[in-house]
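Here's a quick briefing to read alongside the model. Have the sequence and the 3D view open as you go.

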Amino acid sequence: MDLADLAHCLPSGDQERVRTLVVQALGQGLEPLDVLNRGLIPGMDLVGRKFQAGEFYIPHLLLAARAMHAALDVLRPVLAETGARAAAAVVLGTVAGDLHDIGKNLVKIMLEGKGFEVRDIGIDAAPEKFVEAVDEEVKVVGLSALLSTTAPRLGDTLEALDKAGLLNRVKAMVGGGAVTQAYADKIGADGYGPDAVTAADLALKLAGLA
């Protein structure tokens, strides 16, 4: 089968059709990494482009994510058998004192769509929780803050990561309603993602994959 069909089907959010195409591809002997890299990831890239162009909205992203997860439910066991692993891992969380997760969850969707393993540590995450989540597979840490009152926790978390000696081998990116490029520069972040699509592309660059 042509994996372009899978890529073009994913944005529709049709879980059953996407799952069927993945099963068909594997049944025809296609490598699971090819299904991921030539089918699913280009499909999520298309979703991202449509979102940035104003053709898609948050509900479209959520539907596409459900279809992506349905496909990954089929792919993951096969990938595990081959020993294939995600290109890199990303730790993602909303900083201490901030209980908002919509933006973080959208970033997670797009990161998974790029082939990352996402380790979501949730909301109201203390600096120590970010530090504890970083291991040898993690290349990028993503921090979110929606409120101006919680924005200072971004800097606190970066300081904790630095004191733990982690910022010499992982990159930190920040985002959320309380953050601007100027603020990201001020606290010493490696990058700023103003939206989920941009953040996912930035993570690829920070991880040395683009």
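Predicted model: local features only at pLDDT ≥ 70, side-chain atom pairs only at ≥ 80, totals over all residues.

- Leaving aside residues up to four places away in sequence, Leu 6 touches Val 18, Leu 21, Val 22, Val 35, Gly 39 and Leu 40.

**Helix 5**

- Helix 5 runs for twelve residues and spans 17 Å from first C-alpha to last, close to the 16 Å expected at 1.5 Å a residue.
- Its buried residues are Lys 104, Leu 106, Val 107, Ile 109, Met 110, Leu 111, Glu 112 and Gly 113. Helix 3, helix 4, strand 1, strand 2 (117–125) and helix 9 are among the elements covering them.
- After helix 5 comes Gly 115, with a positive phi near 95°.

**Surface patch**

- Ile 58, Leu 62 and Ile 102 make a nonpolar surface patch of about 270 Å².
- Ile 58 sits in helix 4 and counts as partly exposed because its relative accessibility is 36%.

**Salt bridges**

- Asp 120 pairs with Lys 104, their closest N and O atoms being 2.8 Å apart. This bridge links distant parts of the chain, with Asp 120 in strand 2 and Lys 104 in helix 5, 16 residues apart.
- Lys 104 is buried, at a relative accessible area of 4%, whereas Asp 120 is partly exposed at 27%.
- Arg 119 and Asp 135 meet at 2.5 Å, N to O. Arg 119 is in strand 2 and Asp 135 is in the loop between helix 6 (127–133) and strand 3 (138–144), so the pair ties together parts 16 residues apart in sequence.
- Arg 119 is buried at 18% relative accessible area, while Asp 135 is partly exposed at 31%.
- Both of these residues belong to a salt-bridge network that links Glu 117, Arg 119, Asp 135 and Glu 137.
- Asp 156 and Arg 153 form a salt bridge at 2.6 Å, N to O. Both lie in helix 7 (residues 152–163), three residues apart, or about one turn of the helix.

Note on methods. Residues numbered from 1 in each chain as written. Heavy atoms only, no water. Contact = heavy atoms within 4.5 Å. Patch = residues over 30% accessible without salt bridge, like charges linked within 9 Å, V, L, I, M, F, W, Y side chains within 5 Å. Areas by Shrake-Rupley, 256 points an atom, 1.4 Å probe, with all protein chains shown as cover. Salt bridge = Lys/Arg side-chain N within 4 Å of Asp/Glu carboxyl O. Helix = DSSP H or I, 4+ residues; strand = E, 2+ residues; numbered from the N terminus. Buried < 20%, exposed > 50% of the residue type's maximum accessible area, 1.4 Å probe, protein only. Expected span 1.5 Å × (residues − 1).
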